[in-house]
Amino acid sequence: MSQSKIGTDEWVRQYQKRRGKPAGMAGVVQRVWLLLPTWAWLALLVAAGLLFPLTTDNTYIIRVGGTIALMATLGLGLNVVVGYAGLLDLGYVAFYGIGGYAYAYLSSEFTTVHWPTWLSLIVITVLAALFGLLLGSPSLRLIGDYLAIVTLGFGQIFVQLTTSLTRVNLPGIEKPLNLTGGPNGIVNLDPVHLFGFSAQSVKDYYYVLFIVLIVVLVVVYHLNYSRIGRAWRALREDELAAETMGMPTRRLKLMAFAIGAAIAGLSGALFAAWQGAVFPSNFDITLLITLYAIIVLGGLGSLPGVLIASVIMIAVPELLRDVRFAGLLFYAGAVLTLYATLKPRWQILPLLALLALFGLIVTFLVMAATPGASALLSPPGSPVGIWIPLPANSSDAGNLAFFASIVMVLFVTRVKKHRWRFIALIPTLYLLAFAWETRMSQEPSITRLMFVGVLLVVLMIYRPNGLLGQRRVEVV
Amino acid sequence: MDLFFAQLPQQLINGLTLGAVYALIALGYSMVYGILQLLNFAHGDVYMVGAFIGYGVTVALIPESGPITSSALILALMLLAAMLGCGLLGVAIEQFAYRPLRNSPRIAPLISALGVSFFIQNAVQLTLTAQYRTYPTDQLIAPSMGFELGPARLSATRALVIVVAILLMVALQYLVRRTSLGRAMRAVAIDREAAAMMGVNIDRVIVATFFIGSALAGAAGVLTGVVFTRIWHFMGFNAGLKGFTSAVIGGIGNVPGAMLGGFLLGIIESFAVGYISSTYKDVIAFVALVIVLLVRPRGLLGARIAQKV
């Protein structure tokens, strides 16, 4: 950005200099980021993405890669609405769903319509954008949080309608119509068929999704550095000031809404083709929360942030599927958290030693109290070995320990006296480990979502701007 | 048309019952929003926890066999336990998830609230499984008890729900209008900084608001369990949405508005169920919200606040 471009004046050209320099980890990341020009990073990303499927024959891993690309594309779209324009759109997933269902209508036996893929993709993208305008134009009269609730309602309505519109009586038609297939969805969709290339395998879909991701990334990048992008940021920071400067705030908001919806619609169509089916449950609140976690974790408005965060948010839960690995990650995460929060840092060593001792004493007491208790010990292979005795009705005890450990964790963070906190940490950690072994590791899918929730709260408290987000700097 | 009028009283009773629950949820939303301008997405889950606490009390107190000695006592204990438990839960949420974010950008506490909501839902699912639980209402209140009001019937359960909800609302209105805590709450809602300068302890007012709002949500949870009997870990999401819709319809931040919005939404919904189809009740509620917001962007009783520049 050394020379002025059309539409940028001196002040705009220098705006980078007026921003706060991120400190700590983010500062390191930013310095690495500045080592190479942006196009070089993009080239690296493209190369890595294209070469990735060649490194493995495992379709499961490639599937995860495809999911990451899909989520990143969705995240980029949401980032335009929330990150750039600052509109809290909680109905975003509905546009994704509209894309999915539109694809199902245009290419399946359900409607006996089979459009060529390129045409349906274009039509769906435009259609989703129109839906965005349709929802946006009344909603944008609403102020701030009202927009959030109306869009959240819209997202819910979409799921409910797709679930329930199975027997619709229309005037002029005798039989009730099945419009959406209900909870069983619409199945047997046509695969993607573009330019003589027909996507069959997981690998093919990975490439399709990845190429779409790159296209969307380039488009969004250029949007961000255009006049419109700057106007969006101005709008986000201070709507009143932006309007005073003559920006068409309403049109800008609608544009952000429509672009986000279009990206979501396109991703939805590709998702439907990949899955070969659409179900209402594909578009529920869990996905919305995952997407928000992605853009917030990456840092609102940051494109590399979205990419990195979608890798983290999709790949880490996949790693957690293997219970043994999940256990390792859980304990490693706990130790790292302790290391990061305990001050002075060396205290972690006596803490871990005392914790180990505490566990051994508990085991010893249990063994002494109940004869023949060696059967209670953790199954072999568990990383905690003889450290945690498991009672016969371990799930009840685990539930109790789980509640107790939540209370203890909250309590520990409130203890002011350093020494007492150190002492209180020992039983807390032990309870946590017990709850993990007895309950949390047994229900990996629920535990995973729970940790997403905790992650969101902790992230907001310690890094409200996400990993790569930039702090707002007041220029007065 | 005759059919419409024949059904009207019954639909009104159903609507008032549902509306009483919505209004109680809406009050917590509205009070918190009035003071912190925060959408407390976890509020619906507090309500769900309340329903489960009430259920836990019935499990603990109702003998496996034999008659129940005092169902009034059990009902009162259910309400008290749920209100106390939820109040404490609300205070804990405020302490840990919202207080550190009080001066952050607007989106931060919202995301944090989504996180808390997700955490509570999944924690409950983890420990109590995703099963539906059924309140033993029939054991507590005989289904035959009730009042015949012409063509309609007001069962004792529904009457109880409406009466309890109205009592709680009257108590709240007294608290907000007539006590010094209520005066402090209103002052903080109007201008937090000015209130602080006048010697109002902001933190204490916020904690009290969360306690009261969450306790009302807990009561709503128990009442839902008593009248609709089925509870599960995901019930909070939809109910929270409805509670918030009620608060917005009535004018968010406005206590009588939340009550009005709750009853209105309840009546609209039961009319939708009674006269159209239960499939579209949420759609109709949502459309009602959009219409109200388009006509009165600040809700029915919301004051028009001039934007300060």
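Analyst: Here are some questions about a predicted model, each answered with its reasoning.

User: Why is B:E94 called buried?
Analyst: Buried means under 20% relative accessible area. B:E94 has a relative accessible area of 0%. That value is under the cut-off, so B:E94 counts as buried.

User: Where does B:E94 lie, and which residues does B:E94 touch beyond four places away in sequence?
Analyst: B:E94 lies in helix 3 of chain B, residues 71-98. B:E94 touches B:R99, B:R102, B:I206, B:V207 and B:F210. Each is in contact because it has heavy atoms within 4.5 Å of B:E94.

User: How many residues make the contact between chain A and chain B?
Analyst: Chain A gives 51 residues and chain B gives 45 residues.

User: What is the area buried between chain A and chain B?
Analyst: The area is about 4500 Å². Carbon and sulfur atoms give 79% of that area. On the chain A side, A:D145, A:Y146 and A:I149 supply 15% of the area chain A buries against chain B, more than any other three residues.

User: How many salt bridges and polar contacts are there between chain A and chain B?
Analyst: There are zero salt bridges. A salt bridge needs a side-chain nitrogen of Lys or Arg within 4 Å of a carboxyl oxygen of Asp or Glu. Four residue pairs are in polar contact, both at pLDDT 80 or more.

User: Which helix gives the most to the side of chain A that touches chain B?
Analyst: Helix 7 of chain A does, with 13 residues. The residues of that side divide into 37 nonpolar, nine polar and five charged.

Methods. Residues numbered from 1 in each chain as written. Chains lettered and ligands numbered in written order. Predicted model: local features only at pLDDT ≥ 70, side-chain atom pairs only at ≥ 80, totals over all residues. Heavy atoms only, no water. Buried area = accessible area lost by both parts, 1.4 Å probe. Polar contact = N/O pair within 3.5 Å; in protein donor to acceptor, adjacent residues only side chain to side chain. Helix = DSSP H or I, 4+ residues; strand = E, 2+ residues; numbered from the N terminus. Nonpolar A, V, L, I, M, F, W, Y, C, P; charged D, E, K, R; others polar. Buried < 20%, exposed > 50% of the residue type's maximum accessible area, 1.4 Å probe, protein only.
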